[in-house]
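Welcome, and please open your viewer. We will walk through this model one selection at a time.

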Amino acid sequence: MTAIPPTLRTERVDARDKVTGAVRYGTDRVPPGLLHAALAVATIAKGRVTSTDTAAAEAVPGVRLVLTRAGEGELASAGFLLGGGYGFQSLQPLMDDRIAYRGQPIAIVVADTPVAATEAAALVTATYETEQVSLDLDAEGVEVVEQAATLPPMFADLVAGDAEGTLADCDVRVEGTYDLPVQHQNPMELIGCVAEWEGDDLVVHEGSQNSGAIRHGLAAQLGIDAERIQVISPYVGGGFGQKNSLQPGTALAAIAARRTGRPVKLVSTRMQVFHNASFRPASRHRVVIGADRDGTMRAAVHEVDQQTSRHDLYPGSYTEITARLYGIPNFRGHQRLVRTDVQTPGYMRAPYEHPAAFAFESTVDDLAHQLGLDPVAMRLANDSTADPITGQPFSSRHVTECLRRGAERFGWERRTHEPGSMRAADGTRIGWGVALGAYKGAAVPAVARITASSDGGLRVEVGGHEMGQGIRTAVARTVALDLGVPAADISVVVGDTRSVPQHLTAGSWGTAGALPAVGAALGELRKALGLAADGPADVAAAVAATGQANVEVEATYTAPGQPPEIVLDRLRRGLPAAGGPVYPGFTAFSFVAHFVEVRIEPVIGRIRVPRVVSVADCGRVASPVTAASQLRGGVVWGIGAALREASEVDPRYGGFLNADLAEYTIPVNADIGDIDVDFIDVPDPLLNDIGVKGLGEVSMVGVAGAIGNAIFHATGKRFRHLPIRLDDLLG
Amino acid sequence: MRAFTYTEPGTVTEAVAALAAAGPGARFLAGGTTLYDLMKLGVEAPAAVVDVHRIAGLATIDTSGPAELVFGGGARMADVAEDPVLLRDYPALAESLAKAASQQLRTMATVGGNLLQRTRCAYFRGGRPFACNKREPGSGCAAREGLDRGHAVLGISDACIATYPGDWAIALIAFDAVVDVLGPAGERTVPLAQLHVEPGEHPEREHTLAPGELILRIRVPTTGTGRGSTYHKIRDRESYAFALTSAAAAVALDADGTVTDARLALGGVATVPWRAAEAERSLVGQPLSPDASRRAGEIVFADAVVGTSNGYKIELGIRTVVDALRIAGERATQ
Amino acid sequence: MAVPNQAVPTTVAGSVPAAFQVNDRLVELDLDPRESLLDVLRERLGMTGTKKGCDHGQCGACTVHIDGRRVVSCLTPAVQVRGTTVTTIEGVAGPDRELHPLQQAFIDNDALQCGYCTPGQIMSGLACIAEGHADTDDRAREYLSGNLCRCGAYEGIIAAVRGCSAQGTAEEVSG
């Protein structure tokens, strides 16, 4: 058990509300007159609805509305988040008869009670014309798209030097092909919303990482002015990428509320969350690394095939980190997209970086083994100060320190090299593995507004969403430390379109966007109140001295090198406007080193992970308590990804078969042992004024690689797929 | 969920009468963890529900008698799991309960209802569009050519390969438990070994209880072999998951370490609780060794039939037997 | 027991009159026998501290106590709680809103992130301590495995429950 050092104990500002059940998540809202909605979904994998029978559903007592097709002009697609739109996919159900995947909604039912709505939804039946489907990377009928030739330049191949040419000259060459499965984010909070009309104005309560996209996307879908829509999402019960955009049910709830004249709550079932929202797509990675006999890596190729849907191209950015994990001067990254008959996949914590790091770090481990080198020492010898792709310096890079400190905390020097050489007295095989991770240092535009009152109150409104990463705490702590006031006196408003514009909170940029904006607003406040440029301040007195009850200031932040007008305009329209990792003059990444012990019991061969040591370089640690929790959480995700989680597809039926929390096995408490985390905690000097880089995503990157490497060390067996389960070890 | 009539009688006699009066499609409701769950999924749709969850006297636990252990059908899994006699003298029985589901579900679920827990086959639970002879007789079996990593390799038929999901019945069958039931025709006793039926051509028929029969109690003959027992459950995660394979194993050893009595039953691998009588016989009369245990395991799976992705269950099942017998043997000599 | 057990001796087709205690509040409602305790708490009583994460007994987010014992409210037909006392997260803090030691321990150990599973974790943790299942790390992990936390706050949760158990606060748990 790792205790939190006393000096770091700063409680989350919203912890009290969370432990008392007082926090209100989106669908915790129960307005007077509330009706309940449920979705009926397609039972075929692909085709067309030829007829729908709603009579039985309409006959259920308490049913108010059964809607199978939106009216003319009532509903439009909001577009795809990565195609200039707002939705997790461009396909909006209930607009036509097309069925693109099993589980696609074919009707929304609204009733007085949840049981009536659910019963009625189950009674909606349809007849279909079915079509052949292609469901995985190898299926007949898939369409393979060369990403670089199809998508904008930011998704082009990453090339440095001459990878293939150099590979031919290298002393040694290791190669592997890795298969990564479909996975689902499964935040504990189900996707859902409450839609209420107040005259012509629409208010939506929904747990979301992107209230701005919901607002502007709904405006496009419903054909109304965005100013008439407010989205309230102060707390998200976990997002992990799945709640990064407008969900298809939200507009349906809004239409149902308008038609019935009553507030409507729609809560997806867990099975529907597997089908009507994004997921981590399947991907296949071919990695080739060439090196000198002393372990100097000279060239690498990383080629990826990644699943996407028929209707959208969800791009891949897998090679962005593998090009930067080491100073490999000759690198070629190439990505292809494979169209299959699914809903559009999307972001799931460390969306590209977790699979990419598993593939690359497994191959690096193979190289170290083949050369008889210590995996830590070989990694240290291949560290880099410059970005191999651009030649620019990194804004900050403490990989060597992560590895050294992690090795020391872990006791790495006691490791014996040979696979299978470490055993417990009872025959348990012990393996120690290491892997690196990286994640781009992204930054987004943000607006912060601070209202200081003569009674001492401080209200901070900023773009961002609280989904457990502790953005509220980080903001409150920043203001508290700056002005010398207690964090408890500061109210932080996030995830609310009634305040300042709300950008998508994801990609570990939430804090990196919000805090610089808050920092700038603090500067404005000091100016407005005539306070010193820094140091503790009596804000209440200064406000009182102005003769006003409140003083309000506002500041914006845009990332280095981004044209402010353009990105702020995108922010105000609810569109993503992230910058990085390449900025003028520097390249920014967060880094992490994970050290894992696996124990494989005799006879049965269950794989356990009794301890992990993780050391992260995320710039300045903005909130020590929440940062440590985030890093531990990322490790838990890595354990789940390495040993537990895969969404299963039966090609005869489409969709996902193990679409619940019993059969999709995320880690439980008994799966998790000791996770010892540490931070370099050196401010990044370039990315922003406060020195922070992202943490939430990088924390997961490399964990699965370290586990796979530890399993190799324990058994001598290299597994090139995930998850690695006990049936794999039986052979 | 389809609407249903609801009755909560005060006694078992009233309950049996109420169910008979409600006509076909009526079901007893106890802990609700299976029935209510499947009703929410639309897989079960009873027209009437007779709630027996707090009928007085149905939850009695008596493990003090010299001849048998008695568990009321309405006793909670969590309570039976903590019974001190079980923990000391029949660890396999206690562990089979403690390793099932979660403590919340064990607090709700009854030891009688748990015997009749229905399969976790995703094609069964998923409803439309999946073919499932158990849910919809004659519709086919999607699992046979489908994703069968969790499915049975023993006791299967062309019509169904769904795994019996329970743990408790696996341990009980190893100890020759019987079940007393009350129905419209009165009370009778069913050996647990005759309670469940393999799917054959009628996978919708899972047990031999007549319509309207209620499990009053489970009785287990006392045996010294219980002390040397374990319920070994292998899952995809360390807890809160159904068995990939499991084994209830018990042995009694004489002073020389020779096996004088052996009990072995398996879960996670068969369509019904699977007593391995021939494997038991192979163990008796010789020392308990890893080799003998492995041979016993191989006997269990001699007639196994595998599908696409569940072939690993043979080797894993054999190893589960080996490991379970090792643990049982260690306990027998303590 | 605050209210008498009202058996339903005769068949009821429509709604079932019910009385039960929720925390310090006596609730009288007509119940549809299909309604889960979870939906009744959330949608009819407005007590939304209890969360829906799966609706099928697979996540533990909806954990409450019935007569002091933990159950998942999503798989509890509300009619089954007639005559019982239900304790939810809203009933754990003291009358002056002072936190229960386990709630404080969750804060002190940062045993939460998004907070969505937290009410269920705390209700489960309280019961775990009261049952005597929090006496070792391994046993606490096992007996808290019915409560999924996707943020991965498991280490903090174990620290909170173990610490609270060691301080002997089991007597103060609700129910």
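Start by selecting C:Arg70 and C:Glu131: these two form a salt bridge, with their closest N and O atoms 2.7 Å apart. Keep in mind that you are looking at a predicted model.

Next, colour the two domains of chain C. The domain assignment places domain 1 at 16–91 and domain 2 at 101–172. On the side of domain 1 of chain C that touches domain 2, you will meet three nonpolar, eight polar and three charged residues.

How many residues of each domain of chain C are in contact with the other? For domain 1 there are 14, and for domain 2 there are 17. Putting the two domains of chain C together buries about 1,200 Å². Now select C:His65, C:Arg70 and C:Ile89: within domain 1 of chain C, they lose the most area to domain 2, together 48% of what that side buries.

Now bring chain A into view. Here 48 residues of chain C are in contact with 62 residues of chain A, and the buried area is about 4,500 Å². Zoom in on A:Glu119 and C:Arg34, a salt bridge whose closest N and O atoms are 2.6 Å apart. Seven salt bridges are found across this interface of chain C and chain A, along with 29 residue pairs in polar contact.

For a last stop, highlight helix H5 (154–166) of chain C, one of the elements giving two or more residues to the side that touches chain A. H5(C) provides the largest share of that side, five residues.

Note on methods:
Residues numbered from 1 in each chain as written. Chains lettered and ligands numbered in written order. Predicted model: local features only at pLDDT ≥ 70, side-chain atom pairs only at ≥ 80, totals over all residues. Heavy atoms only, no water. Domains from an automatic or database assignment. Contact = heavy atoms within 4.5 Å. Buried area = accessible area lost by both parts, 1.4 Å probe. Salt bridge = Lys/Arg side-chain N within 4 Å of Asp/Glu carboxyl O. Nonpolar A, V, L, I, M, F, W, Y, C, P; charged D, E, K, R; others polar. Polar contact = N/O pair within 3.5 Å; in protein donor to acceptor, adjacent residues only side chain to side chain. Helix = DSSP H or I, 4+ residues; strand = E, 2+ residues; numbered from the N terminus.
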